[in-house]
Amino acid sequence: MLPYRTVQEAETALGRSLTAAETLWFNYSATKSDYFLFCHNILFLFLVFTLFPTFYVLLEFLYTKIHTYKIQPKVKLSYSQTFRCYRDVMRMFLLVVGPLQLVSYPSIAMIGIRTSLPLPSLGEIVAQLVVYFIIEDYTNYWIHRFLHSKWGYETIHRVHHEYTAPIGFAAPYAHWAEVLILGIPSFLGPAIVPGHMITFWLWIALRQIEAIETHSGYDIPWTPTKYIPFYGGAEYHDYHHYVGGQSQSNFASVFTYCDYIYGTDKGYRYQKRLLKQLKEGVKSPGFQNGVSYNNPSTVYLKSE
């Protein structure tokens with residue numbers, strides 16, 4: 001809750017006039033508790049989990065040419081299967097994600113996420129979001145590798161890999177323990193570089209939107225994320241899902257540099273080279289890792 005009763009008091013405390021954005025924030029948040037503002041995340045996550053995957057469903061229905069960009073074109077889920085995935089995600093949202101948000105506010109207050117004026121500049125918001133993505137990506141990489149150990153996969157992570165050809169709704173589809181564990185990387189960035197509540201809202205929403213795009217099953221050439229350096233994207237992560245439990249490749253959640261540095265993208269890079277050779281009409285060796293590479297219809301290869 002802001003410590004000012006009027007705009008004039010806020011302007012006196014800041015020593016300047018409020019910007020239009022700050023005036024809107026004052027009018028909305030002045031009488032609301034910080035806890036109530038933090039709990040907006042529950043609404044934002046519900047909207048993100050619902051609307052953004054639905055966008056891809058509508059694309060399939062309204063824009064038939066979108067199937068040109070489908071990464072695994074032979075796999076198509078029915079609408080009932082898609083809805084079943086959404087239903088399971090919403091069940092996890094109501095039983096785990098929502099309650100976790102309700103009880104985690106003390107940690108947010110402890111690290112110093114603020115709701116006060118002045119609002120951060122656009123440059124500050126962007127810089128903090130970049131830091132959050134980098135920290136989350138690096139931490140998530142190692143947790144993801146752990147989840148692909150024999151125990152981690154069979155006990156927890158196999159649930160997420162039930163969708164070998166992922167869809168947008170399947171991005172948050174996971175075991176409850178995985179939901180809790182992967183909350184740690186998302187929290188670390190704001191804990192190290194705390195910012196404004198608006199930045200925190202954006203971070204939580206953008207991270208989930210990115211995950212939905214990565215799991216969409218479509219490698220759309222005009223998506224703006226194509227211009228982000230080292231960004232993995234849907235085609236990169238789709239390979240990880242196709243290989244499934246055997247995968248020791250493409251662990252990164254957002255960027256690709258960790259996989260490259262630690263050598264966990266070898267299977268993926270081999271596959272890319274092979275497909276390039278097939279397109280160029282170059283013959284490839286017969287077998288490697290138990291998978292025939294002579295068949296051009298084999299889109300994905302097992303990880304090295």
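How much space lies in the largest pocket of this structure? Before I answer, please keep in mind that we are looking at a predicted model, and that the values I mention are computed from it. The answer is that the largest pocket holds about 920 Å³ of space.

Let me go on to the residues around that space. The lining of the largest pocket is made up of 41 residues, and those lying nearest its centre are V179, L182, G183, S186 and Q208. If you follow the helices on the structure above, you will find that α4 (40-62), α5 (79-103), α6 (105-111), α7 (122-147), α9 (176-181), α10 (183-192) and α11 (197-214) each give at least two residues to this lining, with α11 providing the largest share, seven residues. Sorted by class, the lining of the largest pocket contains 24 nonpolar residues, 14 polar ones and three charged ones.

Now I turn to the second largest pocket, in which about 710 Å³ of space lies. It is lined by 29 residues, and E210, E213, T225, I228 and Y231 are the closest to its centre. Here the helices that each supply at least two lining residues are α4, α7, α11 and α12 (233-243).

Definitions and conventions:
Residues numbered from 1 in each chain as written. Predicted model: local features only at pLDDT ≥ 70, side-chain atom pairs only at ≥ 80, totals over all residues. Heavy atoms only, no water. 1 Å grid on protein atoms, 1.4 Å probe; cavity = no way out; pocket = protein on both sides within 12 Å on 5 of 7 lines; lining within 4 Å. Points joined across faces, edges and corners; volume = space filled by probe spheres on them. Helix = DSSP H or I, 4+ residues; strand = E, 2+ residues; numbered from the N terminus. Nonpolar A, V, L, I, M, F, W, Y, C, P; charged D, E, K, R; others polar.
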